[in-house]
Amino acid sequence: MSGKYDYTTLKTDVLIIGAGGAGLRAAIAATEAGCSVIVASKSLLGKAHTVMAEGGIAASLGNVDPQDNWQVHFRDTYVEGVFLGNWRMVELLAKEAPDRVYELERYGALFDRTPEGKIMQRPFGAHTYRRLCYVGDKTGLELIRTLQDKVAHSEAKILDEFVVTKIVSVNGKVAGAFGISMREGTFKLIECKSLIVASGGLGRLFKVTSNSWEGTGDGLALSYRAGAVLMDMEMVQFHPTGMVWPPAVRGILVTEGVRGEGGMLYNKDGERFMLRYSPKKKELDARDVVARSIYREIIEGRGTEHGGVYLDIRHRGAKYIMEKLPSMYMQYKEFAEIDITKEKMEVAPTVHYHMGGIRVNPETQMTNVEGLFAAGEAASGLHGANRLGGNSLTDLLVFGKLAGVSASAYAKQGKQIKFDESVVKEEIDRVMSFVENPGATNPYPLIDTLRESMSKYVGILRNDSDLNKAYDAIKSLKPKLKDIGVRGSLRFNPGLLACLEFTNLIQSAELLVRGAIERKESRGAHFRSDFPNRSHDFRKNILFKLNEGRDEMSFAAVPELPDHLKDLGKEED
Amino acid sequence: MQEVKIRIRRSEPAVSNEVRYQEFTVPVGEGMVVLDAVHYIQNNIDPTLSVRWNCKAARCGSCSAEIDGMPKLMCKTRMDTLGKEITINPIKAYPVVKDLVTDVSHNYEIAKKIPPFTPKEGLKEPWTMMQIDVTRSKEFRTCIECFLCQDVCHVIREHQSNYFGPKHVVKIAALDLHPLDSIDRSELLHHDGGLGYCDITKCCQNVCPEEIRITDNAIIPEKERIVDHAYDPIGLLIKKVKRRKW
Amino acid sequence: MEKNMDKSLTWFPPEFKELNWRLWSFAIILILSAGALILYPVSQFEGYVDPFYSPTVAVIPLIALFRLSCYAYRKDYYRHVFRHPIACLDGIRFDDNRKGYSGEMTFFSLQNFHRYFLYIAIVILPFFYYDIYVSMTYISGEFIFRLGTIILIANALLLTLWTFSCHAFRHLTGGHTDCYSCKTAGGAKKKFYNGQSYLNRYHEQFAFISLIVVLAVDLYIRALIVGWPIDFTLLKFAI
Ligand SMILES: Cc1cc2nc3c(=O)[nH]c(=O)nc-3n(C[C@H](O)[C@H](O)[C@H](O)COP(=O)(O)OP(=O)(O)OC[C@H]3O[C@@H](n4cnc5c(N)ncnc54)[C@H](O)[C@@H]3O)c2cc1C
Ligand code: SF4
Ligand code: SF4
Ligand code: FES
């Protein structure tokens, strides 16, 4: 008979949590450096959230607009991030993007081409030039497949359908991670010399989201508990257009491409309201502006009966629509029985991306915990207060690689940190308490309550009283954490996962709301109707760190631009 | 609100041999898909009901199952296209792990056997490729690895052989048709891949949610490439001559 | 079709439920034409060459092999004669692993010579056009255009469409090419390949309809021999 505390131990140099674009790119870099690598992922290999990315990957190749270069890319990213980004990260992104894209092509990705046979680039919101390299409207899929192939043919070991429940750290140094193999229904401990968190965002914290199942902010909560600093937690990007009706598909993304191809927004009175909010750029203004305008229309009673506004592309004609937006056509046809060539779409903003996350050193992607690295959506600092479309996929490649390189360099010098077995037993106790608790409450309704109050109170337009309502809701949910539980075993037990994720969601939610309350200004995606202006005093990052069981909040000034970038990132108020 | 009866196959082979069909009654709202119904059961009736899903937007290919006997994506199948009584089975071609979750790891082993993209030598960087050369491969690159085609293929489902299966032929076609790729994987497909077992009966093409024309555009062209080097005497001759670079 | 099948009719033979009219009509056509050819051989009548005799009855086996090894017909008889599997839907597939199954690995690997039958078919094809010419000029010094000629034209066209929508032909026209732009006139080649691919989509339909039409021409000629007055003359002048 197996005992309660049974687990198997694996050893590796570098452990990577997450098999999205960032995790896989890091795995390639670390194996190339000669380290042993394990990639742990909650979902099957190749299913990570990154497959959903549509639009493209931003890199200043200048194939269509030769004027484009890394400086312009830097300026676009830094300025649209409303001066909250870390200049060094933005610089690395802008400079390395072309190399990473060409590298992806050498790995086998097949981009759409220009007539001269170069990589084709399309325009996107707030990018000065046509900069997004793309593969139809399935860029993320191609990126994942290419990296997945590369990793599958390398020495890296894939541990998929494995949920990490704890990152083990000792005295500010990382030692390993612990989790459940869902397929085997067993516990596993992975000892490692360095660890990269590439676990994606926290969109699932909200009721209406374009994010996949995995976006529960696990990596953030786990690293936080292991001692890492979280930053910019309040910065959540809303995509202006998500599906609204039927309720079952609420939140699914309607690509920016629809507006790019000339789609127009109307309220229920048939008014093209963007003319009022943004007479110049109209529907193609930055995401936060458009999202806020749509939201205003809805709350001021000019929305549709389902709580959205109309997006109309019919004037383009059936042929054009089918050619340029085939998957949008399919999506509406399949899910909503709406023929977008004949009917208007109903859309409303949907949670899309989390700019905040784990604070890292821009040169190495290492966190304040030694040996703990972060990359991708889980890390923070690059996008500041607003992310440009297409910059995320670039982020995954540039910083995924950087994290892989520095984590393997660290692993080669570092030693395996020893720790006491009691840590593991404690964690087993914690996890098992969810399944060994006969009178436990079902976690699902609690998660629903949390997600509902987040969507309701921490939305596009925030204010002090709403935020405090959310904070109260979180506080009243927190004590219930110890009562939740489900029946069943460790093998593919969705209820158990819900318990674990609820713990992580509550953690992220609390910090997110606290940050939002503290930031008494409006900047990028964070808009306070009680403080509608940007304030220079808040050109700071809000940081959180766990100190002996207490959340400690602090402010850190955004690093000043060095001389060679001063002109590019000038703040014009 | 309407109600629908859903029968789901429940089992956990690692624990017991018991297999039972459990019936749930689920209220159906507008636009609901099968995956929503399964989630309803998880949230309100039985949180231990296992199902694999991820995107709920028909983009990741996780939620494959057999709905009333037809392999489909649960998140792409609307409840109003089905009757009042629905049966959901896990995909049958692969061993069940628990309830609706199956072990598809065999596919990842096959994927390792397929030689990765290998560019021609001496290419000038950055590479140039023409749009006319990339379009054919692109169709296959939309594969979301849902394994529905593998499930419905009788060679995989009902027989034992070394046949890789349609999904992997699609992958091989995607690599072979890359204009700058230097290897021909049809030889591998002929010998280790057992493409000869496919009898082009096109079930795979019928179920693909990405509407890839698997048999017409991937399997038959690969079969024809195999003919070139394994059967056709003239083709062989041409190949020999070409190799000698006359 | 399969999706909407009535599952309550489980006792009903799946061959009928599956609506595999293609297979059944193929069988019926084969029997009819074989019977007609053997019992009442007719090679031509009033300038109409029976398609079974074009150019000579001796090529029939070759054409039959072209049909038999055609991907469209293969699908049909693998499904309905060998039941591998009859349908895709679980429960009525009628395939199981106890039966030895070797697909196209052993005997049926002969199917791989399909392209040679294609070459033969391409050689034979012009004769059908020649037959059209003959049907219009079979009386010396006179041009005549009759209903039968239209049927012959339809026959020739459909046979052409079927032949050139063949998968083996698709391989020849560009299926074997990975890089078109590397070849001379690559753009034109790709265009041709795309056009052929478009036809190829309907290969199964062409395969079926062309067979029906061949039989129809044969029956038409037989009807004329029996004396049916259906062969309207549409145009006639001296040359
Ligand atoms: C619909 C949509 C469209 C988008 N389009 C674009 C676009 O066009 N351009 C662009 O640049 N960006 C786009 N984005 C954003 C971009 O796709 C994401 O930000 C990016 O993919 C995040 O990648 P990642 O590698 O950081 O993490 P993810 O891809 O989210 O991967 C997270 C990984 O971590 C694993 N994981 C999480 N928790 C655990 C745990 N506890 N234990 C083990 N493993 C765990 C998961 O299983 C997964 O493998 C889009 C996003 C969405 C939702
Ligand atoms: S066509 Fe071939 S691969 Fe596809 S289902 Fe039939 S036998 Fe399987
Ligand atoms: S080819 Fe189609 S059916 Fe097969 S795995 Fe890919 S997407 Fe699924
Ligand atoms: S959940 Fe991703 S395809 Fe259904």
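**Chains A and B, and the aromatic pairs**

Between chain B and chain A there are 11 salt bridges, each a side-chain nitrogen of Lys or Arg within 4 Å of a carboxyl oxygen of Asp or Glu. One of them joins R145(A) to E145(B), with the closest N and O atoms 3.5 Å apart. The model is predicted: local features need pLDDT of at least 70, side-chain atom pairs count only at pLDDT 80 or more, and totals for chains, interfaces and linings use all residues. Residues are numbered from 1 along each chain as its sequence is written, chains are lettered from A and ligands numbered from 1 in the order in which they are written, and side-chain values use heavy atoms, without hydrogens and water.

Polar contacts come next. Chain B and chain A share 36 residue pairs in polar contact, both residues at pLDDT 80 or more. Such a contact is a pair of N or O atoms within 3.5 Å; within protein, one must be able to donate a hydrogen and the other to accept it, and residues adjacent in sequence count only if both atoms are side-chain atoms. The side of chain B that touches chain A divides into 31 nonpolar, 14 polar and 20 charged residues. Here Ala, Val, Leu, Ile, Met, Phe, Trp, Tyr, Cys and Pro count as nonpolar, Asp, Glu, Lys and Arg as charged, and the others, Gly among them, as polar.

How many residues of chain B are in contact with chain A? There are 65, and they meet 61 residues of chain A; contact means heavy atoms within 4.5 Å. The two chains bury about 5,200 Å² between them, 54% of it on carbon and sulfur atoms. That is accessible area (1.4 Å probe) lost on putting the two parts together, summed over both. In chain B, N54(B), R59(B) and R141(B) lose the most area to chain A, together 14% of what that side buries.

Now the rings. The structure holds 27 aromatic pairs over all chains. Rings of Phe, Tyr and Trp (its six-membered ring) pair if their centres lie within 6.5 Å; planes under 30 degrees apart count as stacked, over 60 as edge-to-face and the rest as tilted. Y231(B) and F113(C) pair edge-to-face, 6.2 Å centre to centre, with 85 degrees between the planes. F113(C) is partly exposed, at 26% relative accessibility. Y48(C) and Y220(C) also form an edge-to-face pair, at 6.3 Å and 70 degrees. Both are buried. Buried means under 20% relative accessible area, exposed over 50%, partly exposed in between (1.4 Å probe, protein chains only).
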